[in-house]
Amino acid sequence: APRESWSWREGDFSKATKSLERKPVSIERTKGSEILFGIAPCSLALSQSRRDLFRLFLKESSGSRRLVMSELVLQATARRVPVHHVKRRELDALCRGQVHQGVCLEATPLGFKSLEEAEKPNLGDEESLNRQLIWLVLEQIQDPMNLGALLRSAYFLGVDRVVTSRRNSCPLTPTVSKASSGAMEVFDVYSTDDLRSFLKAKTAEGWEVVGTVSTSEDVENVPVISCLEFQWNKPVIIVIGSEGDGLSLETQLLCHRMLMVPPGRALHPGIESLNVSVATGILLHSICSQKLRHSN
């Protein structure tokens, strides 16, 4: 009996010790900073001059990523950013358990740019109207993973501008940067408080405003066509709606046409649509491939 009692106490002590070992070490943050995480976001943030950078945190034993970590140290040194080698649990605590790949970067947040900054080039003149310009407009995208994926696709496929509605939309967070694989660090994102006035103004300048839907049914007398049928002959704005409700009725009524992705089979009820970022990637590729063909 005494041995059993001691064994229990010893096990209890061992658990308590492990609990203490697992407790993350607190790292005091610079006021007004946020923690970027992941190799691509941190590397691209270090290579740009869009953020103020405070500290780079790297996992102590980087193993197979030693070369990548060395490059990050060189980037940080060039920007005069202090480098701290810390334990994994400290990185986990810094980014609240997100997948950090052994890298965190303390920096100032990125914000949206104003549309006034986007409008500096006169895009309404005759020369611009002859160019194949494409802007992606996002109405109330709220999921940071979706926003990041949308920015990654837009950057990759050659979208000229991304504009988001400020109200009920996801801000530019570290999660968005990670989901964009760092595209957010190099690609400006603009916002507007009055999406409908913006769309009306672009229409007056000669742009075509194209909405997106998941079915082929006409929306309030706005024709719906397959993205494969779309012919790009003037500057175009592609408007994407929120994850749950899609485009608002007010925005739909400002669209000249609506695009849909045609399904490849008869669909079961409940799985009749695509994730918003996947659908947008398909739509953008279908349209932007025309840009590539015309430039060759």
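# A guided look at this predicted model

In helix α2, which covers residues 39–47, the residues I39, P41, C42, A45 and L46 are buried. Keep in mind as you explore that this is a predicted model. Let's start with that helix, then visit the sheet, some aromatic rings, a pocket and one arginine.

**The eight-stranded sheet**
- Eight strands form an open sheet with parallel pairing, in the order β5-β8-β7-β6-β11-β9-β12-β10.
- Strands β5 (113–114) and β10 (224–226) are the edge strands, each pairing on one side only.
- Within the sheet, β6 (residues 134–138) pairs with β7 (residues 161–165) in the parallel sense, over four bridges.
- Look for L136, which stands opposite V162 in β7.
- Helix α7 (residues 144–157) packs on this sheet and touches β6, β7 and β8 (189–192).
- The direction of α7 makes about 175° with that of β6.

**Aromatic rings**
- The count of aromatic pairs in the model comes to three.
- One of them joins W135 and F198, and this pair is stacked, with 6.1 Å centre to centre and 10° between the planes.
- The pair links distant parts of the chain, since W135 belongs to strand β6 and F198 to helix α9 (residues 195–204), 63 residues apart.
- Both W135 and F198 are buried.
- Ring pairs also bring in W207, which forms a cluster with W135 and F198.

**The largest pocket**
- The largest pocket has a volume of about 660 Å³.
- Its lining is made up of 29 residues, and V213, S214, S273, L274 and A279 are those nearest the centre.
- Helix α11 (residues 276–295) gives the largest share of this lining, with four residues.

**A closer look at R89**
- You can find R89 in helix α4 (residues 88–94).
- Is R89 buried, exposed or partly exposed? R89 counts as partly exposed because its relative accessibility is 30%, and the partly exposed class lies between under 20% for buried and over 50% for exposed.
- R89 and K59 are 30 residues apart along the chain, and their C-alpha atoms are separated by 9.2 Å.

Terms used: Residues are numbered from 1 along each chain as its sequence is written. This is a predicted model: local features need pLDDT of at least 70, side-chain atom pairs count only at pLDDT 80 or more; totals for chains, interfaces and linings use all residues. Side-chain values use heavy atoms; hydrogens and water are left out. Buried means under 20% relative accessible area, exposed over 50%, partly exposed in between (1.4 Å probe, protein chains only). Helices (H or I, at least four residues) and strands (E, at least two) are DSSP runs, numbered from the N terminus. Two strands pair if DSSP finds at least two bridges between them. Contact means heavy atoms within 4.5 Å. Axes are lines fitted to C-alpha atoms, for helices over the stretch in contact, and angles run from 0 to 180 degrees between N-to-C directions. Rings of Phe, Tyr and Trp (its six-membered ring) pair if their centres lie within 6.5 Å; planes under 30 degrees apart count as stacked, over 60 as edge-to-face and the rest as tilted. On a 1 Å grid over the protein atoms alone, a cavity is a set of points where a 1.4 Å probe fits but cannot get out, and a pocket is an open set with protein on both sides within 12 Å along at least five of seven lines; lining residues have an atom within 4 Å of a point. Grid points are joined across faces, edges and corners, and a volume is the space filled by probe spheres set on the points.
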